[in-house]
Amino acid sequence: MTETYVGSVIVLVLAIVAAGVFVKQFHYDRAVFLAAAPSRSAVKPSAPLSPAVNAFVDLPSELTPLSAPEIFNPDNLYDKIDGKAELYLSAGVLGMRCQRFALKNDPNTWMEFFVYDMDNLRQSFAVYSMQQRAEAQLLDLATYAYKTKNALFFCCGRYYIEAVTASPAQEMMAAMLLVSRQFVAKNPPQETRLAELDLFPSEHLVPNSYMLQPADAFGFDQFKNVFSAKYTVNGAEVMAFLAIRPTAEEATALRAAYQQFLLTNGGRNLPGTGKAPTASLAEMLGSVELVFSRGKVVGGVHTAPSAEAAEQMAALLYEKISEAAQ
């Protein structure tokens with residue numbers, strides 16, 4: 001009798017642990033939810049940053065260099081930002097240049113200016129969006145730009161820039177913004193906007209919530225370059241997502257593969273109402289997942305509180321995608 005009881009307890013504990021692991025993969029920290037970065041030995045040295053970035057910035061009169069410029073490539077990026085390098089490596093960083101500057105009238109008040117060469121706007125935006133701060137305040141500095149109480153973050157085409165100070169004095173914040181504007185003027189971007197974001201409906205959108213996951217979105221290894229945005233539907237927050245495939249046939253296959261992934265990992269099929277044609281729904285540990293395809297686009301809703309909320313959001317997304325296809 002005792003052995004039977006102990007065995008039952010062990011089985012129950014294992015079930016709870018397994019459920020906890022599965023739930024964790026669907027409630028992730030966006031700053032770390034990425035494909036595993038290549039090991040240092042596996043990464044090939046990158047080419048130098050472009051001549052424009054090697055020229056770096058024109059300093060305003062308020063600032064003076066506090067250190068010499070430093071240049072890093074994928075091989076040694078860990079030396080500068082160990083703990084965060086995986087984020088940039090997984091998004092395709094080619095190199096990074098940084099330098100410290102101080103206020104001329106107060107050398108103890110300084111900032112560091114980081115320029116990451118991400119090769120293109122898509123990869124620049126992936127880094128920008130996946131580590132965006134909750135307290136972000138949008139700036140008119142660039143299409144994708146924001147500030148916090150002590151830092152500026154923005155995309156300038158292929159470049160992702162961070163300007164950070166430990167002493168957020170008004171004079172320093174103003175100088176950082178001026179340096180950033182000069183950088184944009186000196187390095188005018190060839191790309192300024194990602195067309196995929198225009199496929200998201202504006203109704204119910206949570207401001208400043210766009211994100212691009214370059215790999216393994218929602219724990220599914222076939223989901224690459226998945227865009228998402230948060231929405232408030234009937235008082236509940238849901239995430240809409242989409243990815244564009246080369247052909248409609250590939251989009252259809254990806255939709256089916258994701259639905260099978262959900263079912264394989266404990267999901268349960270749910271009936272739909274047809275509000276979003278080709279949509280499949282699954283209940284996952286108390287939340288609802290929905291996926292559909294429309295032409296070359298795979299779209300859906302992640303972690304909705306109910307099938308009704310998922311379908312309401314999916315219908316808006318499907319309509320927006322359909323309008324863009326016309």
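In the predicted model, Arg268 has Glu283 of strand E13 as its bridge partner; strands (E, at least two residues) and helices (H or I, at least four) are DSSP runs numbered from the N terminus. E12 and E13 are paired in the antiparallel sense over three bridges, where pairing requires at least two DSSP bridges between two strands. Residues are numbered from 1 along each chain as its sequence is written. Because the model is predicted, local features need pLDDT of at least 70 and side-chain atom pairs count only at pLDDT 80 or more, whereas totals for chains, interfaces and linings use all residues; side-chain values use heavy atoms, without hydrogens and water.

The open sheet comprises seven strands in the order E9-E10-E11-E15-E14-E13-E12, with antiparallel pairing. Strands E9 (211-213) and E12 (268-270) are at the edges with a single partner strand each, so one side of each has no neighbour in the sheet. Helix H7 (residues 248-264) lies across E11, E12, E13, E14 and E15 and runs at about 165° to E14; axes are lines fitted to C-alpha atoms, for helices over the stretch in contact (heavy atoms within 4.5 Å), and angles run from 0 to 180 degrees between N-to-C directions.

Gly286 is located in the loop between E13 (280-284) and E14 (287-294). Gly286 is exposed, at 57% relative accessible area (exposed, over 50%; buried, under 20%; partly exposed, in between; 1.4 Å probe, protein chains only).
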